[in-house]
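Dear colleague,

Please find below the structure that I am handing over to you, together with its sequence. A short account of the findings follows.

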Amino acid sequence: MPSFPTDTGHHNNMTMDITRFFSRLWDDYIAMTPQASRIHDAFVAEGEHIVNDHVAFRTFDRGPLSLARLEPHLLALGYTPLEPYEFREKKLRAWGYLPPASDQPRVFLSELKCDELSDEAQAIIDGLVAQVDPARVAHPEVMWAGRLWEAPSFEAYRTLMAESEYAAWLSIIGLRANHFTISVNGLTRYPGVEQVLDRVEALGIGINAAGGRVKGSPEVLLEQGSTLADRMPFTFAGGRVEEIPTCYYEFARRYLDAEGRLYQGFVAASADRIFESTDIRRQG
């Protein structure tokens, strides 16, 4: 079981809502990401208490699934926007959100700037988002709803892949947690991200080495590492079945800033490489 804050009777309703939200999110995530259960359970078996640093989501900036349309679900849980991020090469924008309590996970919500893609790719995306029922987006369950449209053709998937791995991934995987993140600060036996990655690798799970195994540094107040995404077979339109990367597990260590406060944000240069954990072109 994931180590989330539990309802002890002392939590307010907002906290219970957050507990349920992340519990449902985790259940969907581990169904797509069996490696996460293995990693989580391996650390717990060693006596570690797992603290969730943050959860990330991907979406399109078109139709009812835009960041602005999804953000209210986070605000309703008591989250507050921290700061925006831009990823020019990957054609993304994102926001980080802080939870109402320090023992709850941060959230990283990104969206694809569709108008920066070709007309052909935009037409594919528009065809997908046109199928989304806006009524479903009005409920927080949309955050783990998965694909809200019919599966694209494999040809359409490959067309998107040529321009944006993010778009291709989203077209078949849909809206759900892209990754959870273990807080290295919360571990007792593993002082750094590299030691965590070594332990994960010993389980036979691949590590995302794009930009180095450990992204970031104490100087930027955040170090991150991640696995390579799990893979699962998906049936595309027309019946073609292909094995596609799903989701991955991340590990983050935060450092104190000049005022002695734990850094709360994200580092765009590092996140840019973390995104590549789902890139099938990096997985052979």
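How many helices and strands does the secondary structure of the protein come to? There are nine helices and ten strands, where helices (H or I, at least four residues) and strands (E, at least two) are DSSP runs numbered from the N terminus.

Please note that this is a predicted model, in which local features need pLDDT of at least 70 and side-chain atom pairs count only at pLDDT 80 or more, while totals for chains, interfaces and linings use all residues. Residues are numbered from 1 along each chain as its sequence is written, and side-chain values use heavy atoms, with hydrogens and water left out.

Overall form

For 284 residues, a compact globule would have a radius of gyration near 19 Å, and the 18 Å of the protein agrees with this (taken over C-alpha atoms; the globule rule is 2.2 Å times the number of residues to the power 0.38). The C-alpha trace spans about 50 × 40 × 35 Å along its principal axes. Of the 284 residues, 55% count as buried (under 20% relative accessible area, with a 1.4 Å probe and protein chains only).

Aromatic pairs

The structure holds 18 aromatic pairs (rings of Phe, Tyr and Trp, the last by its six-membered ring, with centres within 6.5 Å; planes under 30 degrees apart count as stacked, over 60 as edge-to-face and the rest as tilted). In one of them, the rings of Tyr 29 and Tyr 249 have centres 6.1 Å apart and planes at 70°, so this pair is edge-to-face. Because Tyr 29 lies in helix H1 (residues 13-32) and Tyr 249 in strand E10 (residues 248-254), the pair ties together parts that are 220 residues apart in sequence. Both tyrosines, Tyr 29 and Tyr 249, are buried. Ring pairs also link Trp 26, Tyr 29, Phe 180, Tyr 249 and Phe 251 into a cluster.

Surroundings of Thr 181

Thr 181 belongs to strand E5 (residues 177-183). This residue counts as buried because its relative accessibility is 1%. Its side chain reaches the backbone oxygen of His 54 at 3.0 Å. Beyond its neighbours within four places in sequence, Thr 181 is in contact (heavy atoms within 4.5 Å) with residues including Val 51, Asp 53, Tyr 249 and Phe 251.

Charges over rings

The charged end of Arg 58 sits over the ring of Trp 169, 4.8 Å from its centre (CZ of Arg or NZ of Lys within 6 Å of the ring centre and within 35 degrees of the ring normal). Arg 254 lies over the face of Phe 266, at 5.4 Å from the ring centre.

Yours sincerely

Technical notes. Buried means under 20% relative accessible area, exposed over 50%, partly exposed in between (1.4 Å probe, protein chains only). A polar contact is a pair of N or O atoms within 3.5 Å; within protein, one must be able to donate a hydrogen and the other to accept it, and residues adjacent in sequence count only if both atoms are side-chain atoms.
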